[in-house]
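Grab a pencil and work through these exercises with the model open beside you. Try each task before you read its solution.

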2 protein chains.
Amino acid sequence: MTRRLLLLSNSTLHNGKYLEWAKSEILDFLNRKNVKKVLFVPYASFTHDEYTNEVKKALEPWGFQVEGIHSSPDPVQAVAQAESIFIGGGNTFLLLKTLYSNGLIAPIQKQVLENGLPYIGSSAGTNVSTVSINTTNDMPIVYPPSFMALNLVPFNINPHYLDPDHNSKHMGETREKRIKEYHEIEDSPPVLGLREGSLLAVDGNQATLKGHYSARLFVRGKEPVEYDVGADLSFLL
Amino acid sequence: MTRRLLLLSNSTLHNGKYLEWAKSEILDFLNRKNVKKVLFVPYASFTHDEYTNEVKKALEPWGFQVEGIHSSPDPVQAVAQAESIFIGGGNTFLLLKTLYSNGLIAPIQKQVLENGLPYIGSSAGTNVSTVSINTTNDMPIVYPPSFMALNLVPFNINPHYLDPDHNSKHMGETREKRIKEYHEIEDSPPVLGLREGSLLAVDGNQATLKGHYSARLFVRGKEPVEYDVGADLSFLL
């Protein structure tokens, strides 16, 4: 398995610049394969040009050329010719629906899983890299043809994972309760709760937790477990 | 139009008992039609018996007999024979999927819109009474055959509406931002943000905001507007 993935919980930390918190990981991830060009997928947003410009502003000073997939007349071809792919955050439903309608699910799977195309995901872009979008936090503003996603890893991620706020008087469900509800469903895969400022690096059959914070792993029928930064999570693969 | 709806943002307030905050509205709503029996729909939860017992414990001391629709061998028949219907909260996706798989969408619409069956919804049960579940806050733990819902009113509701927390360092989208993203979509209906402890009472073509807090109305292409308790929102119908 040649896959190489960098799965970020989120793009921007409070008071931080876009992608800044993950800069050294991104540089290392792309430079190790001598990547110069990044194919950016802005489908999680409605404003493709604007969003792509924001990514250009962040990545070009770091030495990478950024192209928005929406600028290409043939997005499938763009994926086939890419040196690396970055799927940004926004609305997960909109993103997955657009990946389906542009026929990009199988082409991205093939490129990443068979040809080792380096894949960076952030937030919604991390959600769609997993088995399904069943554990997104987003509002279902559009109806995708399925919740099944790219399946580049055999588990799900909950990005922007949030601990319960014991001072809150709001009665909406906590994140943990929502994930436990998901695990009522038979055969539901494990869910990794990735806090903001954390990422999962996958290299072949090796998975490592990186970034600033521990992550919380939920497995159907078991108590959740915390894993520290640096933890080897390869058993999830 | 004979419809009579009581659409609650939520069932339980912080430190409160189940449905207690809405007791006088519920009593008035059901007693005005001399209702003695409530058909309860526990489909938003995985534990139908347990959930129905919780509702019994709340409503029976107020003088109502509660039957869980899941106890009936024929749920369509149960709806046809009901004196009133109450759809409780939980997971909106699970609820809507189960309404579809049990063939209950058209029967409930007919009973409420043509025969004036009193309908109480809470949280997910309020979401499914509207045009679609596009503005639920829930996690998409199962895939329903559509996001289109009962369409008992021609707009959407966001229950548990939450104002932005300006002290938060969390970078997930605010509720307002999520609803504005929904309104990027052409022909998307208005969305009423109902804060916890608020409800919308619909009587024919009359809609009134009741409960403890103002509500925030989002209309595509316009600035959001606050409406005070007691406001006449019939223009939404």
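B:Arg216 is buried, at a relative accessible area of 18% (buried means under 20%, exposed over 50%, partly exposed in between, with a 1.4 Å probe and protein chains only). Keep in mind that this is a predicted model, where local features need pLDDT of at least 70, side-chain atom pairs count only at pLDDT 80 or more, and totals for chains, interfaces and linings use all residues. Residues are numbered from 1 along each chain as its sequence is written, chains are lettered from A and ligands numbered from 1 in the order in which they are written, and side-chain values use heavy atoms, with hydrogens and water left out.

**Exercise 1.** Find the salt-bridge partner of B:Arg216 and say which strands the pair ties together.

*Solution.* 
- Step 1: Strands (E, at least two residues) and helices (H or I, at least four) are DSSP runs, numbered from the N terminus.
- Step 2: For the bridge itself, the test is a side-chain nitrogen of Lys or Arg within 4 Å of a carboxyl oxygen of Asp or Glu.
- Step 3: B:Glu226 is partly exposed, with a relative accessible area of 34%.

**Exercise 2.** Work out how B:Lys180 and B:Glu176 are placed in helix H7 of chain B.

*Solution.* 
- Step 1: Both residues lie in helix H7 (residues 175-182), 4 residues apart, about one turn of the helix.
- Step 2: B:Lys180 is partly exposed at 38% relative accessibility, while B:Glu176 counts as buried at 16%.

**Exercise 3.** Which residues of chain A are linked in a network of salt bridges?

*Solution.* 
- Step 1: The network links A:Asp163, A:Glu176, A:Lys180, A:Arg195, A:Arg216 and A:Glu226.
- Step 2: Over all chains, the structure holds 22 salt bridges.

**Exercise 4.** Is B:Leu19, with its positive phi, buried or exposed?

*Solution.* 
- Step 1: Phi of B:Leu19 is near 65°, a positive value in a residue other than glycine.
- Step 2: B:Leu19 belongs to the loop between strand S1 (4-8) and helix H1 (23-31) of chain B.
- Step 3: At 1% relative accessibility, B:Leu19 is buried.
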